[in-house]
Amino acid sequence: MYTVLIAEDESDIRELISFNLERESMDTLLAKDGAEAFEIAKEKGPDLIILDLMLPKMDGFTVFKELRLDSRTKDIPVIMLTAKAQLDDVITGLEMGADDYLTKPFSPKELVLRVKALLRRIRTTPANSIINSGKFRLDKNSLHCFVSGEQIDLTPTEFKLLILMVEREGTVQNREDLLREVWGYRDTANSRTLDTHIKRLREKLGDLSRCIETVRGVGYQYRNIA
Ligand code: CA
């Protein structure tokens, strides 16, 4: 059973999210300000955090930075909520390493889909848990990524995105499919989530970033050019 922390000061929205997730057999923890959210996250170690950016006491960005600095919380997927379509906030959040975002008002159904997609682990049997491709070695059970034997620190979401492309080497993955499979999007218009994650992934991969090619107007593909 998964536990989701909901950090939102507006009680109506907090209750709405909680209701919809509990209906899907998830446990929820509720925080009404940023300081409380950070404390609960450290103490309870939820599987995912839904983080409103406009929070009293400690704003969402500050909470997020603190979460990423603490070893107990640094790998917990975070979906940010923004008050309106504030693109600057969204991009800042994604560049800081948030896994996804939703702008208010959002459909609870969409939120549930996104939550489920981020919680979905890569299921595999031990026999085929290791993928080797060029200088890459990817372990689907531990979610560890090695390049030439050195571990690269990827978030679970970044790992999922990378392995999906590596496993379909040489085939163009269109944006819609990637957003649906990794993040659970139904409607992918204008999402900045994918491009920001690709950017972060490339930064982390350094020289090997050229393995991920942009296919203009379509999506991305992995090429084993190492
Ligand atoms: Ca708020």
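Predicted model: local features only at pLDDT ≥ 70, side-chain atom pairs only at ≥ 80, totals over all residues.
I131 belongs to strand β6, residues 130-133, and four bridges join β6 to β7, residues 136-139, with the two strands running antiparallel. Between them sit two residues, and G134 in this hairpin takes a positive phi near 55 degrees.

Which residues of β6 are on its covered face? Those are I131 and S133, while I130 and N132 make up the uncovered one.

Now for the rings. The structure holds one aromatic pair. Its members are F136 and Y222, arranged edge-to-face, with 5.9 Å from centre to centre and 65 degrees between the planes. F136 is in β7 and Y222 in strand β12 (residues 219-222), so to speak a link between distant parts of the chain, 86 residues apart. Both F136 and Y222 are buried. Elsewhere, R114 lies over the face of Y185, at 3.5 Å from the ring centre.

Finally, the calcium ion. Its coordinating residues are D9, D52 and M54, at 2.1 to 2.4 Å, and their spacing in sequence is D-x42-D-x1-M. D9 lies in the loop between β1 and α1, and M54 in the loop between β3 and α3, so this pair ties together parts 45 residues apart in sequence.

| Residue | Relative accessible area | Class |
|---|---|---|
| D9 | 32% | partly exposed |
| M54 | 59% | exposed |

Note on methods: Residues numbered from 1 in each chain as written. Heavy atoms only, no water. Buried < 20%, exposed > 50% of the residue type's maximum accessible area, 1.4 Å probe, protein only. Pairing = 2+ DSSP bridges. Phe/Tyr/Trp six-rings, centres within 6.5 Å; stacked < 30°, edge-to-face > 60°. Lys NZ or Arg CZ within 6 Å of the ring centre and 35° of its normal. Donors = N, O, S within 2.8 Å, 3.2 Å for Na, K, Ca; no water.
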